[in-house]
Amino acid sequence: MLSDRTLSAFAGISKATRQEGVRIKHLFRIMTHYPDLWMRAYANIYSNKGALTKGVDENTLDGMSEKRINEIISKLKDGRYQPRPAKRVYIPKKNGKRRPLGVPTADDKLVQEVVRLLLEQIYEPIFLDRSHGFRPKRSCHTALWTMHRGWTGTKWFIDIDIKGYFDPAS
C-alpha cells in the first residue's frame, strides 16, 4: 500500500501531465525519497515467472530486503548505481531457431519497475482510451472486446502475420 505522501506525489504528476506545457519535475527525488514506492515495485514483480531467474550477478528477487532496497537508493543518490549488463540466454523457437533474451539482474529489475511506475503516472492520463498495448488493465482481449462492441459498421478486416518480421536476417 502506498503512503498518502506517495499517492499525493503521484496525483501531482498526473495533474501536471494534463496541463499543456508543464514539465514534470522531481522524479529522481520521488524515486529516492519514497521507500514505499520501492516496496510497491517489489510487490509488482516478485511473483513474476522470471523473478527467481539469476542475472549476471547470480542474485534473485528472492533475496530482496529493506536493507538491500536502501542500498540501491543510497547508490542512486550518490551516483554510484550502475546497471549491470543483461545475461544473454537463448530460448528455442518452434522452427528450430533460437530467440535471444536478456535477463537483467534483480536490482536492475527493481529499478526498472520503479521507473515504470513513475512513467505510468506521467503517460497513462494522456493516453487515448483506444490504446490497449502494455497498459494497466488493458490487453489484446480488451481491444477485441472494444472492437466487437463498437465497430458495428466494419465489413472486413485484413489479417497480416508479422511473426518473425523483426527477427535478424540470419
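Helices here are DSSP runs (H or I) of at least four residues, numbered from the N terminus. What you are looking at is a predicted model, so local features need pLDDT of at least 70 and side-chain atom pairs count only at pLDDT 80 or more, while totals for chains, interfaces and linings use all residues. Residues are numbered from 1 along each chain as its sequence is written, and side-chain values use heavy atoms, with hydrogens and water left out.

**View 1**
Glu120 and Arg116 both sit in helix 5, four residues apart, or about one turn of the helix. Their side chains meet in a salt bridge at 2.7 Å, N to O; the term means a side-chain nitrogen of Lys or Arg within 4 Å of a carboxyl oxygen of Asp or Glu. Arg116 also pairs with Glu113, where the closest N and O atoms are 2.8 Å apart. Glu113 and Arg116 are three residues apart, again about one turn of helix 5. How exposed are these side chains? The scale goes by relative accessible area: buried is under 20%, exposed is over 50%, and partly exposed is in between (1.4 Å probe, protein chains only). Glu113 counts as buried because its relative accessibility is 9%. Arg116, at 35%, is partly exposed, and so is Glu120, at 21%.

**View 1. A salt bridge between Arg138 and Asp129.**
Here Arg138 bridges to Asp129, with 3.3 Å between the closest N and O atoms. Arg138 is partly exposed at 23% relative accessibility, whereas Asp129 is exposed at 60%. By the same rule, the count comes to seven salt bridges.

Helix 1 takes in residues 4-18. The expected span is 1.5 Å times one less than the number of residues. For the 15 residues of helix 1 that gives 21 Å, and the end C-alpha atoms are 21 Å apart, so the two agree. Which residues of helix 1 are buried? They are Thr6, Ala9, Phe10, Ile13, Ser14, Ala16 and Thr17. These residues lie on the same side of helix 1 because they cover an arc of only 165° around the axis, the arc being that of the directions from the helix axis to the C-beta atoms. The face turned away from the buried side carries the exposed residues Asp4, Lys15 and Arg18. Cover for the buried residues includes helix 2 (27-33), helix 3 and helix 5; contact means heavy atoms within 4.5 Å.

**View 2. Ala9 up close.**
Ala9 belongs to helix 1 and is buried, with a relative accessible area of 15%. Setting aside neighbours within four places in sequence, Ala9 is in contact with Ile30 and Tyr34. Thr146 is another story: Ala9 and Thr146 are 137 residues apart in sequence and 32 Å apart in space, C-alpha to C-alpha.

Tyr46 is found in the loop between helix 3 and helix 4, and its relative accessible area of 46% makes it partly exposed. Leaving out neighbours within four places in sequence, Tyr46 is in contact with Ala51 and Leu61. Its C-alpha atom is separated by 14 Å from that of Pro104, 58 residues away along the chain. Glu58 has its place in the loop between helix 3 (35-45) and helix 4 (66-78). Check the backbone of Glu58: phi is near 70°, a positive value in a residue other than glycine. Glu58 is partly exposed, at 47% relative accessibility.

**View 3. Lys137 in the loop between helix 5 and helix 6.**
Lys137 is found in the loop between helix 5 (106-123) and helix 6 (140-150). Phi of Lys137 is near 60°, which is positive in a residue other than glycine. At 83% relative accessibility, Lys137 counts as exposed.

**View 4. A nonpolar surface patch.**
Trp156, Ile158, Ile160, Ile162, Tyr165 and Phe166 form a nonpolar patch on the surface, with about 850 Å² of accessible area together. Patches like this are made of residues with over 30% relative accessible area and no salt bridge, with nonpolar side chains (Val, Leu, Ile, Met, Phe, Trp, Tyr) joined within 5 Å. The areas come from the Shrake-Rupley method with a 1.4 Å probe. Ile160, one of the patch residues, is found in the segment after helix 6 and is exposed, with a relative accessible area of 61%.

Terms used:
Helices (H or I, at least four residues) and strands (E, at least two) are DSSP runs, numbered from the N terminus. Patches are made of residues with over 30% relative accessible area and no salt bridge: like charges are joined within 9 Å, nonpolar side chains (Val, Leu, Ile, Met, Phe, Trp, Tyr) within 5 Å.
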